[in-house]
Amino acid sequence: MNLISIDFGGSLDRAHKLAANPCPCGRNLGKGTDCTCTPMQRRRYLARLSGPLLDRIDMQLFVPQLSARELAGRGTGESSAVVAARVGEARTAARDRLKRWGIGTNAEVPGSILRNELRLLTATLAGLNRATESLRLSARGYDRVLRIAWSIADLNSHACPTSDDVDVAIQLRQHGKGDVG
């Protein structure tokens with residue numbers, strides 16, 4: 001497991017990235033047939049990530065191993081310039097929305113503002129409310145899902161998060177665990 005801290009200049013402008021293999025050998029992917037670890041080794045390895053630590057991680061992503069064919073092929077995704085432009089527009093939208101509180105990014109929004117001034121419609125929050133019960137989200141986790149949903153909405157040029165934006169945020173927060181629909 002590796003923890004990388006990146007300082008962007010201000011006291012709150014810090015990003016933490018945690019990278020971890022799915023097991024000690026790193027091959028417990030898909031059906032896990034290439035994994036050489038015992039179930040006890042996998043449990044012990046994953047237990048090193050405590051609940052309080054995981055609760056402070058905004059998004060959990062599974063990055064599958066690419067085949068040699070995929071690595072050799074040409075990328076068909078968006079160019080870095082296109083992605084950078086969309087991210088710039090999203091950051092501008094967030095900054096414009098949050099400037100009355102002296103806040104610059106969705107990551108900085110206090111839970112009290114998320115749950116009051118920026119409160120979403122009950123129908124939009126239905127999936128998050130179900131997930132809070134079924135996935136036992138903490139108050140911190142609930143607020144982190146809302147911050148992610150606002151970022152997704154900004155990236156999609158939505159004025160505020162839709163129920164789909166909230167559902168994607170839950171999936172990113174919970175690494176695909178549970179059904180939010």
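Let me start with a term: angles under 35 degrees count as roughly parallel, over 145 as roughly antiparallel, 65 to 115 as roughly perpendicular, and the rest as oblique. Axes here are lines fitted to C-alpha atoms, for helices over the stretch in contact, with angles from 0 to 180 degrees between N-to-C directions.

This is a predicted model: local features need pLDDT of at least 70, side-chain atom pairs pLDDT 80 or more, while totals for chains, interfaces and linings use all residues. Numbering runs from 1 along each chain as its sequence is written, and side-chain values use heavy atoms, without hydrogens or water.

Now helix 7 and helix 8. Helices are DSSP runs (H or I, at least four residues), numbered from the N terminus. Helix 7 spans 139-155, and helix 8 spans residues 163-174. Their axes come within 8 Å and cross at roughly 125°. The two are therefore oblique to each other.

Who touches whom? Contact means heavy atoms within 4.5 Å. From helix 7, the residues include V145, I148 and I152. Helix 8 brings, among them, V166, A169 and L172. The contact residues divide into 10 nonpolar, one polar and three charged. Nonpolar means Ala, Val, Leu, Ile, Met, Phe, Trp, Tyr, Cys and Pro; charged, Asp, Glu, Lys and Arg; polar, the others, Gly among them.

Last, the largest cavity. Its lining includes L114, R115, Y142 and L146. Helix 5 (111-115) and helix 7 each supply at least two lining residues. By class, the lining has six nonpolar, no polar and two charged residues. A cavity is a set of points on a 1 Å grid over the protein atoms alone where a 1.4 Å probe fits but cannot get out; lining residues have an atom within 4 Å of a point.

How values were computed
1 Å grid on protein atoms, 1.4 Å probe; cavity = no way out; pocket = protein on both sides within 12 Å on 5 of 7 lines; lining within 4 Å.
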